[in-house]
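Keep the structure in view while reading.

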Amino acid sequence: MSGPGRFPEPPVVIVGGLHADARRAAVARLLADVPGSVVLHHDLATAAAGTVVRTVRDATGILSAGEAPLVNDCACCALREDLVPELVRLAEAGGTPLAVVELWDSVEPKAMAEVVTAGGFTVAGVVTAVDPALVLPYLGNGDDLAEGGLAAAATDQRTVADTFARQLEYASVLALAESLPGSPEADDEDRELLAQLHPTARRVPIGHGNPAGAPQTAPELARAALAGFDVEAAAAAQHPACALLPAEADAHGVATLVWHRRRPFHPERLYAALEDLTCAAARSRGRFWLAGKEDTLLHWDAAGGALCVESAGPWLASLPDAAWELVPPVRRAAAALDWHPEHGDRCQHLVFTSPGLDRDGLERLLESCLLTDAEYAAGQAAWDRLPPAFDTLLEV
């Protein structure tokens, strides 16, 4: 097969999101904005029958269709295997100014952006299409994807809420499709929630229905989508050790609390408070430090009333000096911002965003989970003897 590089390769814009109507409106907008652009889509809804249906279309309709067989019973794996060869065929055919990769509902853009980049193509932008009125309902939906027929593999254990949160927070552009047929009207609280969840994303309103009838401001989406995308930087911005987390905010009934402390949590008290902390906000994430696990940076990721806690590798302070050269510069820079002369980069950095957030109550609960003055003064040897309440959760 001829690889990319022998032919002029079209820039690739990835459009995803669980809000299917909004996603289709965003794709239609791009087709109208960039004449001659082509959309590549893999429909994973047919995976139960053993295949993934691939379509290639432009503004006039479907240009070609085919099937990609499942790989290891995984529809998402089939997408990965089939995507780059299809992009190569588009490049070889020539004449395509833009290749739009429209992801199926639950496919996350991070993995696909990395596949496209590894295949030698340029990801010009990642767009997540959103109906602002549905942001809170989706963030609060703890159902498994499989229950709604949205699982990408038989082993897919993701939920609607955590998948939607990752789709939202990875994108550089949010295409906002309001007033879609059958959708409730968005209000200022809905828009503010979206702004606080991902404050650095460029938010672009789009129309729906016939793109030709949309206002002439429509090319804004194409300009935003083609502004450039750094796949490596986007991955770093999602990594718990150096994540680009939201800042403090409070507007239109929505608040974001940034909680930063330099004392470890007591494992038993934190474990007992997990349910209340998880349900305190529509979305919370960050990194935390647990007494008795001084070497382990722990990742906090909660949405839809469910919490995922897992190891995200070592704190840099626990590594020998020689190992620092192996650590990416962005990680070293993030550690330097948190550096403490005694504890290094060990800290609590958690962010909670929600309408109606009880900031005072949440702060009191978090503070109660820290080591007391006496426990803190007892030192690490005493901390190591505390009950290992998180061992089962972390599958130690």
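The paragraphs below move from the cores to a sheet and then to charged pairs. Bear in mind that this is a predicted model.

Start inside. In soluble globular proteins, nonpolar side chains tend to be buried together. Here the largest nonpolar core has 59 residues. Ile14 and Leu87 have the most contacts inside it. Helix α2, residues 75-93, gives this core its largest share, 10 residues. Look at Leu87 itself. Leaving aside residues up to four places away in sequence, Leu87 touches Val12, Leu40, Ala99, Val101, Val116 and Phe121. Another core, of 25 residues, lies apart from the largest one. Among its members are Ala25, Val100, Ala124 and Ile206.

Now turn to the later part of the chain. UniProt, in an unreviewed entry, places the domain "CobW C-terminal" at residues 254-370. That span is 27% helix and 33% strand. Its end C-alpha atoms lie 26 Å apart.

Next comes an open sheet. It has 6 strands, in the order β9-β10-β14-β11-β12-β13, with antiparallel pairing. β9 (249-251) and β13 (306-314) each have a single partner strand, so one side of each is left without a neighbour in the sheet. On average, neighbouring strands are turned by 10° against each other, direction ignored. Strands β11 (residues 283-288) and β12 (residues 296-303) are joined by 6 bridges. Gly286 stands opposite Trp300 in β12. Helix α11, residues 359-368, lies across β9, β10 and β14. The helix runs at about 25° to β10.

Finally, follow the charges. The count of salt bridges comes to 25. One of them pairs Asp162 with Arg166, the closest N and O atoms being 3.1 Å apart. Both residues sit in helix α5, 4 residues apart, which puts about one helical turn between them. Asp162 is buried, at 18% relative accessible area, while Arg166 is partly exposed, at 27%. The two also belong to a network of salt bridges with Glu108, Asp156 and Arg158.

Other pairs reach across the sequence. Which residue forms a salt bridge with Arg287? The partner is Asp338, with the closest N and O atoms 2.7 Å apart. Arg287 lies in strand β11 and Asp338 in the loop between α10 and β14, so the pair ties together parts that are 51 residues apart in sequence. Arg287 is buried at 5% relative accessibility, and Asp338 is buried at 7%.

Asp373 and Arg263 form another salt bridge, with the closest N and O atoms 2.8 Å apart. This pair ties together parts that are 110 residues apart in sequence, because Asp373 lies in helix α12 and Arg263 in the loop between β10 and α9. Asp373 is exposed, at 56% relative accessible area, whereas Arg263 is partly exposed, at 22%.

Technical notes. Residues are numbered from 1 along each chain as its sequence is written. This is a predicted model: local features need pLDDT of at least 70, side-chain atom pairs count only at pLDDT 80 or more; totals for chains, interfaces and linings use all residues. Side-chain values use heavy atoms; hydrogens and water are left out. A nonpolar core is a set of buried Ala, Val, Leu, Ile, Met, Phe, Trp, Tyr and Cys residues joined through side-chain atoms within 4.5 Å. Buried means under 20% relative accessible area, exposed over 50%, partly exposed in between (1.4 Å probe, protein chains only). Helices (H or I, at least four residues) and strands (E, at least two) are DSSP runs, numbered from the N terminus. Contact means heavy atoms within 4.5 Å. UniProt positions are given in the numbering used here, feature names are shortened, and annotations may be inferred rather than shown by experiment. Two strands pair if DSSP finds at least two bridges between them. Axes are lines fitted to C-alpha atoms, for helices over the stretch in contact, and angles run from 0 to 180 degrees between N-to-C directions. A salt bridge is a side-chain nitrogen of Lys or Arg within 4 Å of a carboxyl oxygen of Asp or Glu.
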